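Keep the structure open while you read.

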Amino acid sequence: YSGKYGGEAADSDLFALATSATGASLVSARGSIVQSRQLAAGGPGPADNPEYRLLVVEAIVDMCVRQSYANVSNFEWYVAVLVDLVYTAGVDVGQLLSEKLLDVTVRVRQVREFSVRLMRQMLSDRQLVSRASAGSSVAKVLCTAAYIVGEYCSLLPASSEDVALLLPPCLGNLDGEQQATFIQAAIKAYTNWLRDVAGYWSTEIWELVRAVTASTMAHLSGSLLTKTCADDKDFGAFAAELPLQVSSRLRHFVEVTKAVSVATSNPSDSAPQLCLELHELFTAYELNPVSAAAQGKVPLPEGLDLDSAIGGPIPDTEHIV
């Protein structure tokens, strides 16, 4: 198989792969049998049926993940297939593809670098990014792509362009959880880039850090902040209106950029220690995959109550003078 990221192949080639690998036929929920030759033949046919396309995508994924990837010998091929499906599926399978992209990237170390590279390419695709909106299939995939780029950004040469990719213009159209994921990934990419350039510091690098820090805030304002915040008070009021997971990460990002601006306010012969150490906030511990079965064996701490409110009711301060 070769597709968008492995060569030049037609859309039907990808679906023919699934049908040939699953016994040359697929059985739909209604019990009808569809022959693979009909799918690969071009023109109007089963491939135009959304239900059928969904079944084929699910068959491709099932074929690959079966028995803990027993059928996959080349994981770069598998990641490329998942990315191709983002473009060719034609049905809402964003959640499914997101889960599988994340699963294989986290579990298979040797494919992480390749995966980060493809996630970068997807985030660089302006046409694809422009289709992202809250709840859309594309948004779900791009959210996972952002997480992967942020989490494993150190596996590829650091680039300030990653920060801009992770603060796209469509950010304001996403839901709170997705916005938080993008912002957190952008912080990681930003601090990773700072650590990298601190290793070959010069006057030119100092100027670049100042410029990138300013442009980072501009990207953040352009993609998320819907109004100009004249001062910290205005910003605090705006941030308070955001979902908690977004507000906390946004405040964190703003404070990080402020600290970098202060640390680099004057030219110096050596990099500020802050630029070298900021990324360590996110790399103290490596996250490893844990199966649901293993999680189920972890006993709950004695006395833990997640259903009761923490503290008393919040007072109504709206009418307090």
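Start in helix α3, where Arg 66 and Asp 62 sit four residues apart, so about one helical turn separates them. That spacing matters for side chains, because an α-helix has 3.6 residues a turn and residues three or four places apart point the same way. Here the two side chains form a salt bridge, with 2.4 Å between the closest N and O atoms. Bear in mind that this is a predicted model, so read each distance as a property of the prediction. Arg 66 comes out as partly exposed, at 37% relative accessible area, and Asp 62 is partly exposed too, at 36%.

The structure holds six salt bridges.

| Pair | Closest N to O | Where |
|---|---|---|
| Arg 66 and Asp 62 | 2.4 Å | helix α3 |
| Lys 258 and Glu 255 | 3.9 Å | helix α13 |

How does burial look at the two ends? Lys 188 counts as buried, at 11% relative accessibility, because the cut-off for buried is under 20%. Glu 151 is partly exposed, with a relative accessible area of 21%.

The Lys 258 and Glu 255 pair stays within one helix: the two are three residues apart in α13 (residues 244–263), or about one helical turn. Their closest N and O atoms are 3.9 Å apart. Lys 258 is partly exposed at 32%, and Glu 255 is partly exposed at 47%.

Back in helix α3, there is another arginine to check, Arg 53. Is Arg 53 buried or exposed? With 12% relative accessibility, Arg 53 counts as buried. Its side chain reaches the backbone oxygen of Thr 88 at 2.6 Å.

Helix α5 runs over residues 94–107, and its 14 residues should span 20 Å at 1.5 Å a residue; the end C-alpha atoms are 20 Å apart, which agrees. Its buried residues are Gly 94, Leu 97, Ser 98, Leu 101, Val 104, Thr 105 and Val 106.

Helix α6 has 13 residues and reaches 18 Å from its first C-alpha to its last, close to the 18 Å expected at 1.5 Å a residue. The buried residues of α6 are Arg 112, Phe 114, Ser 115, Val 116, Leu 118, Met 119, Arg 120, Met 122 and Leu 123. Covering them are, among others, α4, α5, α7, α8, α9 (161–165) and α10.

Next, a loop glycine. Gly 135 lies in the loop between α7 (126–130) and α8, and at 44% relative accessibility it counts as partly exposed. Leaving aside neighbours within four places in sequence, what does Gly 135 contact? The answer is Lys 140 and Gln 178. Gly 135 and Gln 178 are 43 residues apart in sequence, yet their C-alpha atoms are 9.5 Å apart in space.

Over on the surface, Leu 300, Leu 304 and Leu 306 form a nonpolar patch with about 380 Å² of accessible area together. Leu 306 is found in the segment after α15 (292–296), and it is exposed, with a relative accessible area of 71%.

Finally, zoom out to the whole chain. Its secondary structure comes to 15 helices and two strands. Of the 321 residues, 41% are buried. Among contacts with a separation of 6 or more, 69% are between residues 24 or more positions apart. The accessible surface is about 17500 Å², and 52% of that belongs to carbon and sulfur atoms.

Notes: Residues numbered from 1 in each chain as written. Predicted model: local features only at pLDDT ≥ 70, side-chain atom pairs only at ≥ 80, totals over all residues. Heavy atoms only, no water. Expected span 1.5 Å × (residues − 1). Buried < 20%, exposed > 50% of the residue type's maximum accessible area, 1.4 Å probe, protein only. Contact = heavy atoms within 4.5 Å. Polar contact = N/O pair within 3.5 Å; in protein donor to acceptor, adjacent residues only side chain to side chain. Areas by Shrake-Rupley, 256 points an atom, 1.4 Å probe, with all protein chains shown as cover. Patch = residues over 30% accessible without salt bridge, like charges linked within 9 Å, V, L, I, M, F, W, Y side chains within 5 Å. Salt bridge = Lys/Arg side-chain N within 4 Å of Asp/Glu carboxyl O.
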